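Colleague: I would like to learn how to read a protein model. Could you walk me through one, step by step?

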Amino acid sequence: MEFQVEDKRGILEKLADGSLVLTSEKEYQDLISLLPDRGELFRAYGDFLSKQEKKNDAFQNYTNAAQFFLDEG
């Protein structure tokens, strides 16, 4: 799935409401490259990686998410 910059807000809403489900690491990586400052994407990617038994990678993404949430206050 290729993401367009103009679709960013809609993508986040669809991820939040469950109407969009990303199914590959590449999809998450592509979306994070468009929206690198969104902690919720790192959290969702961490969830995805955890389900794939990639615990170290999941931990790193959870750490990134936590840092974004702390920075937001």
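What follows is a conversation about this predicted model.

Colleague: Let's start with the overall picture. How many helices and strands does the secondary structure of the chain come to?

Modeller: The chain has four helices and zero strands. Read along the sequence, the pattern is α-α-α-α. Please keep in mind that the model is predicted.

Colleague: And how much of the chain do buried residues make up?

Modeller: Buried residues account for 30% of the 73 residues in the chain. Of the contacts in the chain with a separation of 6 or more, 38% come from residues 24 or more positions apart.

Colleague: How do I describe two helices that pack together?

Modeller: Packed helices are described by two things: the angle between their axes and the distance between the axes.

Colleague: Which residues make the contact between α2 and α3?

Modeller: From α2 come Glu25, Tyr28, Gln29, Leu31 and Ile32. From α3 come Leu41, Phe42, Ala44, Tyr45, Phe48 and Leu49. Sorted by class, this contact has nine nonpolar residues, one polar and one charged.

Colleague: Where are the buried residues of α2 when seen down the axis?

Modeller: First, here are their names: Glu27, Tyr28, Leu31 and Ile32 are buried in α2. Seen down the axis of α2, these buried residues fall within an arc of 130°, so they line one face of the helix. On the other side of α2, Lys26 and Ser33 are exposed.

Colleague: What about α3? Which of its residues are buried?

Modeller: The list for α3 is Gly39, Leu41, Phe42, Ala44, Tyr45, Gly46, Phe48, Leu49 and Ser50. At 1.5 Å a residue, the 13 residues of α3 should span 18 Å, and the end C-alpha atoms are 19 Å apart, which agrees.

Colleague: Can we try that check on α4 too? What should its 18 residues span?

Modeller: Helix α4 covers residues 55-72, and at 1.5 Å a residue it should span 26 Å. Its end C-alpha atoms are 26 Å apart, so expectation and model agree.

Colleague: Which residues of α4 are buried, and what do they pack against?

Modeller: Ala58, Asn61 and Ala65 are buried in α4. Down the axis of α4, the buried residues fall within an arc of 70°, so they line one face of the helix. They pack against α2 and α3. On the other side of α4, Asn56, Phe59, Leu70 and Asp71 are exposed.

Colleague: Let's zoom in on Asn61. Why does it count as buried?

Modeller: A residue is called buried when its relative accessible area is under 20%. Asn61, which lies in helix α4, counts as buried because its relative accessibility is 9%. Leaving aside neighbours within four places in sequence, Asn61 is in contact with Ile32, Phe42, Arg43, Tyr45, Gly46 and Leu49.

Colleague: And Asn64, is it partly exposed or buried?

Modeller: Asn64 is also in helix α4, but at 25% relative accessibility Asn64 counts as partly exposed. Asn64 and Leu41 are 23 residues apart in sequence and 9.7 Å apart in space, C-alpha to C-alpha.

Colleague: What should I look for in the backbone angles?

Modeller: Most residues other than glycine have a negative phi. Now look at Glu53, in the loop between α3 and α4: it has a positive phi of about 65° although it is not a glycine. Just after α4, Gly73 takes a positive phi of about 90°.

Colleague: One last residue, please. Where is the place of Lys54, and which residues is Lys54 in contact with?

Modeller: Lys54 sits in the loop between α3 and α4. Leaving aside its neighbours within four places in sequence, Lys54 is in contact with Glu25 and Leu49. With a relative accessible area of 34%, Lys54 is partly exposed.

Methods:
Residues are numbered from 1 along each chain as its sequence is written. This is a predicted model: local features need pLDDT of at least 70, side-chain atom pairs count only at pLDDT 80 or more; totals for chains, interfaces and linings use all residues. Side-chain values use heavy atoms; hydrogens and water are left out. Contact means heavy atoms within 4.5 Å. Helices (H or I, at least four residues) and strands (E, at least two) are DSSP runs, numbered from the N terminus. Ala, Val, Leu, Ile, Met, Phe, Trp, Tyr, Cys and Pro count as nonpolar, Asp, Glu, Lys and Arg as charged, and the others, Gly among them, as polar. The expected span of a helix is 1.5 Å times one less than its number of residues. Buried means under 20% relative accessible area, exposed over 50%, partly exposed in between (1.4 Å probe, protein chains only). The arc is that of the directions from the helix axis to the C-beta atoms.
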